[in-house]
Amino acid sequence: MPKRTDIHKIMLLGAGPVVIGQGCEFDYSGVQACKVLKHEGYELVLLNSNPATIMTDTEFADRTYLEPMTPEYLREIIRRERPDALLPTLGGQTALNLAMEVWKSGVLKRYHVELIGVDAEAIQRAEDRRLFKATMDSIGIRSARSESAHSLQEAQVISKAFGKWPLIVRPGFTLGGTGGGIAHGQEEFEEIVTRGLEASLNHEVLIEESLLGWKEYEMEVMCDKRGTSVIVCSIENLDPMGVHTGDSITVAPAMTLTDREYQAMRDDSLKVMRAIGIQTGGSNVQWAVNPTNGERLIIEMNPRVSRSSALASKATGFPIAKIAALLAVGYTLDELKNDITQTTPACFEPALDYVVVKMPRFTFEKFPAADSTLGTQMKAVGEVMSIGRNFNQAFQKAIRSLETGHWGFGLEPKQATFDALDDNALESELARPNADRVYQLHTALKRGWALEKIHTLTGIDLFYLRKLQELTEFETTIGKEKDSLRKAKQLGYSDRQLAFAWNTDERAVRKLRKRLNVLPAYGTVDTCAGEFAAVTPYYYSTYADYDEPVRNADGKKKIMILGGGPNRIGQGIEFDCCCVHAVFALKAAGFETIMVNSNPETVSTDYDTADRLYFEPLTFEDVLNIYEREQCDGVIVQLGGQTPLNLASDLAAAGVHILGTPPDDIDAADDRGRFKSIAESAGARRPPSGMAQEAEEACHIASRIGYPVLVRPSFVLGGRAMAIVNDESELRRYMAEATRVSEGHPILIDKFLDDAQELDVDCLSDGTTTVVGAIMEHVEQAGIHSGDSACSIPPRDLPDEVLAEIHAVSSRLAKELHVCGLMNIQFAVRHGVLYVIEVNPRASRTVPFASKATGIPLAKHAALCMAGKTLAELHFSKTPQLPYSAFKEAVFPFAKFQGVDITLSPEMKSTGEVMGLDWDAANAYLKSQDAAGNRIPHEGGVFLSIRDSDKSTVLPFLQQLASNHHFDFYATAGTGAMLYANGIPCHGVFRLAEGRPNLRDLILERKIGWIVNIPAPGDDGAKMRHLAIEFGLPITTTAAALQMAAEGLANVIADVGHPDLCSLQEYHRMLK
Amino acid sequence: MNGHIESSQAFLALADGTIFPGISCGAPCDLPGEAVFNTGMTGYQEIVSDPSYFGQIVALSTAEVGNYGCNDEDMESQSVFLSGLVVQNLNPPSSWRSTQSLDGLFQSTNKPILAGVDTRRLVLHLRETGTQRAWLHANGKKLSPTTAVVKAKEWPGLDGLDCAAQVTTPVPFTWSNTGKYRVVVIDCGVKYNILRQLAEQDCRVEVVPCITNASEILALRPDGVLLSNGPGDPEGVKGVIDCVRQLLGKVPIMGICLGHQILGLACGAKTGRLRFGHHGCNHPVKHLLTGNVEITSQNHNFAVLQESLPTDLEVTHVNLNDGSVEGMRHRTLPAFSVQYHPEAAPGPFDARYLFGQFQQMMQR
């Protein structure tokens, strides 16, 4: 059946900001869908609030809305655009939930918009636990015994009826299992249920019998409207049930199921799809299998493309999202071609002749107070995937892809921490699913613990334990002769590990390897285990006999682009976006592009993006191997964040041609001593500073330059371990901790410029000319990490002479640092004086936002400059002037980490970002808040607690808020007195510790819809912010933010709530 | 990588001179076979116990093999019929169902496994060169690869041989003796799962040796006759072809795999060798009458040639990968057949409906 011709205009929903449980995989799926639907001739309208996505590039849709992903905005867009159809299955749970809301409210019906890809009833059957269970019962598929509750009382009745612990609590309709958990007793149960009810969009929790220790599987299913269905991939979790699948190490294909068990699971998965009523597209079905008798229960099914379908696509070469989009517009599977073979149809089940391992990336170091035990609530912020010809090879490659300082399974210095555990401690750690369990397993195996014992403690299948034991046994026997070396490489050992074993360095191992001709071979991910010839060049390294021949395209120059590896806080989708832009630009300019990355969520690892894709760890060894094999002409390291930069010097020393700014200059910018003289020659003013190796020295410096001081270790990204220190005792405490984290690098100490306005500047240089791409003004004052700070383009009120100085200083710094490509500078303006805080001659996190706001593709231009083009040739000569405003706001994972202080600080904590665009700056700000989920109400109760130093500043804003009579003020004593003195009516409220009723009581009585808390150091601000998180209330914490909000609200109220909408294409047309 | 090989090391030598070194597992053996590959990711036990692999050395492309061991229930015949197995990584079992390791099964049935082989290289090679005669050297003794290549070349191969005779049951036996329909299965190397599926369709199942003639079969007064799968060249099983010619029109017939080719030959079609065969669990087959697509389990080197089909036969199923004939039916007589394996084992069960179709045919 050919595609539908009765629909012409399709609206697509993205996934919004990157949060835990919903990463950049939905940009990957969205990009695939946009590309293919556009190619099919449909007109596309896109809604996604995340500017750091490729799909929101203006060429991917006809009209792109960077507006908040709320039913109100979606309704307005639908009213404006009148699409024929809405495709909600490619933007994760966010898109699905949003589509359900507009379906339920009748908006779709009213504007004659057809839901395609899935129907609303099917979504409900899959997502509503009770309906789902009933549907499963009707087809004879067992699900865990479970009951749903809408209140704590109801939950307690249920738990009594079950009569046993532990019990699993899952909230209905959420992302990544937010608010769920495993309750081992009454107290824990009450806590989790309360949290779960709050997190659930339909105020429902499900209480389930525990399947702890059962094996967990996922089946990725595709079907078309004719009912043809295929399993794209089976995924087996190494961690048994009890650990969220996003936090589990997973393996594809399934390793420990007999064909009979596998086929029964396959048949049932297809049966589930049909019963739920999935018409077309990709879904995943999750199963639990009792390892002692094969009993199998269904856990859940997602009626949409998911994180695991992105993984399955990368693991098999089957482009699930692309095919799903085509199926949604009417094609059937047999009509579509398998991209990779281009001769066989897409209607088949991929066969793998390799093993894929996915490992989650955690960032518990960012949230020291968070519980690092893994459970049913996802905590990973990213993931890596690796491919090998056996489990061990893939497993060790995955470990080194994680960039957590581990080089593999054993034979590495970091293993010592775990080897130091005594037997009892080791036993209890193994029994507790945690981020380091892999390394604890190594210790246990080295101690000769029986596999049965380890299996009992961890629930990990003996198949994997035996495989790992093979490694711990082999590691003592590794010899330097060819056979042993080859075997070691086949088992996935890195040169670094071998160097550790032989007490030599990595280069010596590399030399030996080359002398003995132990070289990697490259295999192709071809969907069919070699049965048909593969056209698509998607490779992984292994140490097999057969090496795919290198393809050389008629004399084109080859440029390698190094990606950013796993997403983590401080390095995520923004850098992938830059890498992908570089690929697009270089390809268009006639270069052969080679992408190297290990992150399966990304667009960069779509085999459709670069000319050649190497799915490999980003280490010196792995990258150099590819460079030598491909005989690249150059490598771009400045776009993928810190990961490729950390490799740059070593690669350059090994003879690799690094394109753009020389690695030595990149280092110089990070080296306090060298940068000082560079700044001086560039005439850039810097806050007084110093550099210390230990506490005494640090105290000495601090007392010289005066407290408060900003301290941080050198050579880290995302402000890791960065802090503002107010006195000597704090400084000593900090130094004790930080010297451990920074691994020998010195600690940098800067005079902290309090009350300064912070600016982020992204500029572009071709080596001669430098142009500022965008100046972003932070909403929050200096002291909050730039990644966590809201910021705006254009800056709101900078004097012309400061602006002129910014341009001049930027140019001079670029010259001094020999910048070719991108450079980010952080400035602070204090009492009209401009200071340079930090310079990074590389792509920054703000590049995608700046590019989207200004319409200037900074990363594309940067790549072309690195490849030899001049800015003049690129027609980029001046900073764009915006007749509209763009705000970026950060999105935080606090709700996932109970008990963590949510105070923003110089250490970055956000996982993602959103953008607000409007003709009016205050409206744009308000939109950015709406988009970030900090939805400031247009009326109702506002809680106010303002620190003394800001009281006079905020008074006019509060007067403005009060003037339109939409708000009821509740204020703590001091703030109340100020309001009263100025004639603004308000109710008095106690501070949390003072008495009742306090803020908590008011929230429970639903009297408060917005918390405005500008805290003084040491007050109960942290607790109030916790309350905001706990109850999902919007919170405003700075005077500047309050000002923007007050102005925006005045506009909104005047406009009777109708947001002004405009597509990015329309905004860009207004640029001069 | 044809580098230096220790003379006692195990290896597979192809007739074209390519050598694949490995590690000897299972039983020590030194023998010829036809080198083929299978891309299925599960089901090694079903593969090794499928009599259709008689005389073949089967390379599995999947990376990890042996993981879930072997058990009695998943045997597709009484023994291991293939000549040898070639794998990347061989593992000890971890499964509640396992009663024996794959290595143990091969030791007890005196068959060799060559492990540690880059089977992707072998698959790509066979894809380019087609199925080849090969010599598997895995007995620990000294043999030079050159000699092994000569031995592989000298081995006459399976073409034209009546392989079915080697694997068929020596005497008739009853698989299930309850059921509404009486089905006689002509055993050319039948997989047990065909028998299990028939029993599930309310059939009494009698299995007879492939040398049984038509009158003996008709004497059993069957409601239907099933022509089983089996090894080798369909033109080699002349007796069965004759037998089927006589049965046609007298009793409903269903053919599977070799049985499908036999039905074709009996009706006057021709069969030919595929370049490297279909061996895997993921082939899309389109049912031309309904338009539905099934994912099928496949294991055959020969196929019924479309252009040779007599007008009596109608193609019902085609392979979407290469367009080859996957199923046909007689236009006037109650007979149909499929080239692939509706009984799965290993592989998907999408085509299980065919057994129901056979049952309906017997009802009429």
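The centres of domain 1 and domain 2 of chain B, taken over C-alpha atoms, are separated by 27 Å. The model is predicted: local features need pLDDT of at least 70, side-chain atom pairs count only at pLDDT 80 or more, and totals for chains, interfaces and linings use all residues. Residues are numbered from 1 along each chain as its sequence is written, with chains lettered from A and ligands numbered from 1 in the order in which they are written.

In chain B, domain 1 covers 10-154 and domain 2 covers 164-363; such bounds come from an automatic or database domain assignment. Contacts (C-beta atoms, placed from the backbone, within 7 Å) link 23 residues of domain 1 of chain B with 24 residues of domain 2 of chain B. On the domain 1 side, β3 (29-38), α1 (44-48) and α3 (119-129) of chain B each supply at least two residues. Helices (H or I, at least four residues) and strands (E, at least two) are DSSP runs, numbered from the N terminus.

In chain A, helix α5 (residues 120-127) and helix α6 (residues 129-138) pack at an angle of about 90 degrees, with their axes 5 Å apart. Axes are lines fitted to C-alpha atoms, for helices over the stretch in contact, and angles run from 0 to 180 degrees between N-to-C directions. The contact involves Q124(A), R125(A) and A126(A) of α5(A), and L131(A), F132(A) and T135(A) of α6(A).

L12(A), leaving aside neighbours within four places in sequence, is in contact with residues including G30(A), L44(A) and L90(A).

Technical notes
Contact = placed C-beta atoms within 7 Å.
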